[in-house]
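Trainee: I would like to go through this model with you. Please put it up, and I will ask as we go.

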Amino acid sequence: MPVYTNKVVWKGGHFGYTYCENGTEMEFSAPPALYGHPNMMTPEDAFVMAVNTCVHMMVIWAAERLQLDLVAFECVAEGEVEEFLDRTSWFKKLVLRPKLTVRSASRKKVERALEMARKYSTIAESVKSEVIIDPEIEIVE
């Protein structure tokens, strides 16, 4: 069973530094609206990115598995935060808007690949937020 490890270190104020077991390192902060610093990774950015990048990798996997000729793929993800009166909040919904260009395939087969990507995305399956995939599919010859 895979285990992933991450370490964070406080760097003073609203700054932190994170180390991933794969060698990736970076500074992070809270969002500016929460006394953080602009132009830096935030936990909220990382959360939305984690879902988006995991689904992305599973789209690639599903396209290969279904033998789709994937010409282009990109995806914008948007996380909707719901705030409560007691000042707590959570990501209520994540909407992924993938744009796929596929050569010589049926729309149904591409939609199946997206369903598989969603189902087998470890991150998307691990969050309690609603995850919606709203694709734009282009079939070219």
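Trainee: Which residue takes a positive phi in the hairpin of β4 and β5?

Mentor: First, a caution: this is a predicted model, where local features need pLDDT of at least 70 and side-chain atom pairs count only at pLDDT 80 or more, while totals for chains, interfaces and linings use all residues. Numbering starts from 1 along each chain as its sequence is written, and side-chain values use heavy atoms, with hydrogens and water left out. The hairpin has five residues between its strands. The one with a positive phi, near 75°, is arginine 87.

Trainee: In what sense do β4 and β5 pair, and over how many bridges?

Mentor: Strands here are DSSP runs (E, at least two residues; helices are H or I, at least four), numbered from the N terminus. Two strands pair if DSSP finds at least two bridges between them. For β4 and β5 the sense is antiparallel, and the count is 14 bridges.

Trainee: Which residue in β5 is the bridge partner of glycine 79?

Mentor: β4 covers 69-83 and β5 covers 89-103. The bridge partner of glycine 79 lies in β5. That partner is leucine 94.

Trainee: Is leucine 96 buried or exposed?

Mentor: Leucine 96 is found in strand β5. Buried means under 20% relative accessible area, exposed over 50%, and partly exposed in between (1.4 Å probe, protein chains only). Because its relative accessibility is 1%, leucine 96 counts as buried.

Trainee: How far apart in space are leucine 96 and valine 76, C-alpha to C-alpha?

Mentor: A contact means heavy atoms within 4.5 Å. Leucine 96 touches Val76, and its other contacts include Val55, Val131 and Ile133, not counting residues up to four places away in sequence. In sequence, leucine 96 and valine 76 are 20 residues apart. In space, the C-alpha separation is 5.8 Å.

Trainee: Which residues does asparagine 52 touch, not counting those up to four places away in sequence?

Mentor: Asparagine 52 has its place in helix α1. Its relative accessible area is 15%, so asparagine 52 is buried. With that sequence limit, asparagine 52 touches Cys75, Val76, Ala77 and Leu96.

Trainee: Which element gives the most to the lining of the largest pocket?

Mentor: A pocket is an open set of points on a 1 Å grid over the protein atoms alone, where a 1.4 Å probe fits, with protein on both sides within 12 Å along at least five of seven lines; lining residues have an atom within 4 Å of a point. The largest pocket is lined by 22 residues, with Asn6, Cys20, Asn22, Met49 and Ala50 nearest its centre. β1, β2, β3, α1 and α3 each supply at least two lining residues. With six residues, the element that gives the most is α1.

Trainee: What is the volume of the second largest pocket?

Mentor: Its lining includes Pro31, Glu44, Arg87 and Trp90. β5 gives the most to that lining, with three residues. A volume is the space filled by probe spheres set on the points, with grid points joined across faces, edges and corners. For the second largest pocket the value is about 290 Å³.

Trainee: What pattern does the chain follow along the sequence?

Mentor: The chain has three helices and seven strands. Read along the sequence, they give β-β-β-α-β-β-α-α-β-β.
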